[in-house]
Amino acid sequence: MNSQQDTIYATPASQVADFVFDQKVAGVFNDMIRRSVPGYGQIINTIGDFANEFVTPNSNVYDLGCSLGTATLSIRRQIEQRNCKIIAIDNSEPMIQRCTENLSAYVSDTQVDLICGDIRDLEITNASMVVLNFTLQFLPISDRDALINKIYQGLLPNGILVISEKLRFEDNTIQTLLDSHHLDFKRANGYSELEISQKRSAIENVMRPDTLLDHQTRAQQCGFKHFNTWFQCFNFASMVAIK
């Protein structure tokens with residue numbers, strides 16, 4: 001997946017607009033994610049490994065908020081010969097367009113249905129795996145319980161939900177510590193202080209992270225038998241919930 005370098009916030013702006021997944025972001029998204037989210041490559045690879053273990057023949061797999069299709073591709077590589085269908089959905093038309101191009105570059109017998117739409121409107125049925133890869137944090141907090149419950153109801157027994165998110169911490173000392181190291185990570189990947197500051201302003205009204213306890217409580221209240229974090233680096237984590 002080719003991507004241009006992310007320079008969206010490199011020029012001073014008199015007023016920074018809220019972050020949106022538009023054509024400009026879609027064009028640099030791979031570079032933005034690589035330089036902003038520690039461990040992203042490991043998360044994507046492991047989602048594929050989880051798919052190999054949990055996806056059952058003749059079932060559905062859902063990638064909710066699929067962006068450029070990176071997780072979908074990782075899953076599809078691991079579930080050949082299982083007569084499964086992947087439903088990948090994103091509400092950004094530019095993301096879906098680029099996802100279509102990325103998926104078409106790899107030949108596979110596994111069907112992928114790409115949908116441009118709202119994940120809250122999607123019916124989930126016969127699912128052995130559902131992925132929310134840095135997606136839930138962009139939904140209104142009031143809608144998150146209902147979505148996780150809908151996923152639970154649509155999962156088959158022993159089905160798996162993978163949730164990757166930026167975390168918020170109740171302990172201000174820990175929050176400050178991990179935020180600081182995340183900023184150092186971005187600096188080490190070439191982002192300037194201006195880019196870091198403007199990106200933070202753009203996204204603060206759009207992305208509202210939960211705490212780890214929020215995620216755990218939500219999953220347990222829906223009925224998931226098992227829940228835990230399998231990966232964390234600074235304030236980014238990926239969790240698994242098993243029905």
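## The largest pocket

The lining of the largest pocket is made up of 25 nonpolar, 13 polar and 11 charged residues. In this predicted model, the largest pocket holds about 1200 Å³ of space, and of the 49 residues that line the largest pocket, Phe21, Gln137, Phe138, Ile203 and Met207 are the closest to its centre.

Two or more lining residues are given by each of helix H1 (23–36), helix H3 (70–78), S2, helix H6 (172–188) and helix H7 (193–203), with H6 supplying the largest share, 5 residues.

## The annotated binding site

An unreviewed UniProt entry lists Tyr40, Gly65, Cys66, Ser67, Asp90, Asn91, Asp118, Ile119, Asn133 and Arg200 under "binding site". Because these residues span 161 residues in sequence and the farthest two C-alpha atoms are 25.1 Å apart, they do not all gather at one spot.

## Two of the listed residues

Asparagine 91 sits in the loop that runs between strand S2 (85–90) and helix H4 (93–104), and it counts as exposed because its relative accessibility is 59%, the cut-off for that class being over 50%. Leaving aside residues up to four places away in sequence, asparagine 91 touches Cys116 and Gly117.

Aspartate 118 belongs to the loop between strand S3 (111–116) and strand S4 (127–133); with a relative accessibility of 24%, aspartate 118 counts as partly exposed. The side chain of aspartate 118 is joined to that of arginine 120 by a polar contact of 2.7 Å.

Notes:
Residues are numbered from 1 along each chain as its sequence is written. This is a predicted model: local features need pLDDT of at least 70, side-chain atom pairs count only at pLDDT 80 or more; totals for chains, interfaces and linings use all residues. Side-chain values use heavy atoms; hydrogens and water are left out. UniProt positions are given in the numbering used here, feature names are shortened, and annotations may be inferred rather than shown by experiment. Helices (H or I, at least four residues) and strands (E, at least two) are DSSP runs, numbered from the N terminus. Buried means under 20% relative accessible area, exposed over 50%, partly exposed in between (1.4 Å probe, protein chains only). Contact means heavy atoms within 4.5 Å. A polar contact is a pair of N or O atoms within 3.5 Å; within protein, one must be able to donate a hydrogen and the other to accept it, and residues adjacent in sequence count only if both atoms are side-chain atoms. On a 1 Å grid over the protein atoms alone, a cavity is a set of points where a 1.4 Å probe fits but cannot get out, and a pocket is an open set with protein on both sides within 12 Å along at least five of seven lines; lining residues have an atom within 4 Å of a point. Grid points are joined across faces, edges and corners, and a volume is the space filled by probe spheres set on the points. Ala, Val, Leu, Ile, Met, Phe, Trp, Tyr, Cys and Pro count as nonpolar, Asp, Glu, Lys and Arg as charged, and the others, Gly among them, as polar.
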